[in-house]
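Open your viewer and get ready to click along. We will go from the whole chain to single residues, one selection at a time.

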Amino acid sequence: MEDCSCCRADTAGAGEMACQLPPAAVKRTPALCPVTGSKGKRVGQTTVKAMLAVSLAAIRDADYFFCADPDCPVVYFSADGLQTFTVDDVRERVFQKEPQAEDVFVCYCFRHTPASIRQELLESGTSTVVEAITAGIRAGQCGCDIRNPQGSCCLGNVNAVVKSVRDGMGLRS
Ligand SMILES: [Zn+2]
């Protein structure tokens, strides 16, 4: 291992001790779910407040993270791991926690489910769901931060569902 010479006091004069390492080299400790150890994805407090079905008196001045592990009941946890909210504490069923369910929303803003995506594919052989969502996003209609438990855009999940349903039906992508 090389020393970070840019930070060494003996080669730098006073006032020249700023580290030259690019920000990417400074690893932030990932927040891990206190139940399963899965890596959490940071969510804003707006998302947590919108999604909780319990009193918001529990909300602290803390960073909150989303646990996407399907085998874990925790939806949100605080950065220090001392506080968790499970699937029973949120207002919506959580897509990531029910990987086999057909009737759980994958797109919360425009109410698409694996079943509705499958239905369109059965009827027409094609899926327009990604285009429909994209048009909604362009029209400023989406509200992922307050509708989707993961607090961010659903398109990655929707694409995965479309591919999985297509593959299951033997349709070519
Ligand atoms: Zn977890």
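**Before you start.** This is a predicted model, in which local features need pLDDT of at least 70 and side-chain atom pairs count only at pLDDT 80 or more, while totals for chains, interfaces and linings use all residues. Residues are numbered from 1 along each chain as its sequence is written.

**Stop 1: the whole chain.** Colour the model by pLDDT, the predictor's confidence in each residue, from 0 to 100. The chain averages 87, and 82% of the residues score at least 70. Now select residues 1-19: pLDDT stays under 50 there, and the model has 11 contacts beyond four places in sequence for this stretch. Two residues are in contact if their C-beta atoms, placed from the backbone, lie within 7 Å. Among contacts in the chain between residues at least 6 apart in sequence, 52% join residues at least 24 apart.

Switch to a cartoon view to see five helices and four strands. These are DSSP runs, numbered from the N terminus: helices are H or I with at least four residues, strands are E with at least two. Starting at the N terminus, the order is β-α-β-β-β-α-α-α-α.

Stop 2: Two strands pair if DSSP finds at least two bridges between them.

Follow the pairings across:

- Strand 1 and strand 2 are antiparallel and share three bridges; K41 has F66 in strand 2 as its bridge partner.
- Strand 2 (residues 64-66) is joined to strand 3 by three bridges, again antiparallel; here Y64 is partnered by S78 in strand 3.
- Strand 3 and strand 4 (residues 84-86) pair antiparallel over three bridges, and Y76 stands opposite F85 in strand 4.

Stop 3: Is strand 3 enclosed or open? Select residues 74-78: five of the five residues are buried, so strand 3 is largely enclosed by the rest of the structure. A residue is buried if 20 or more other C-beta atoms lie within 10 Å of its own, exposed if 12 or fewer, and partly exposed in between, with C-beta atoms placed from the backbone. In the chain of 173 residues, 25% are buried. Next, move along to the hairpin that strand 3 forms with strand 4, with five residues between them; G81 in the turn has a positive phi of about 75°.

**Stop 4: a loop residue.** Select R111, in the loop between strand 4 and helix 2. R111 has a positive phi of about 60° although it is not a glycine.

Stop 5: Finish with helix 2 (residues 114-124) and helix 5 (residues 155-169), whose axes come within 10 Å and cross at roughly 50°. Axes are lines fitted to C-alpha atoms, for helices over the stretch in contact, and angles run from 0 to 180 degrees between N-to-C directions. Helix 2 and helix 5 are therefore oblique to each other (under 35 degrees counts as roughly parallel, over 145 as roughly antiparallel, 65 to 115 as roughly perpendicular and the rest as oblique). Show the side chains where they meet: P114, I117, R118 and L121 in helix 2 face V161, V162, V165, R166 and M169 in helix 5.
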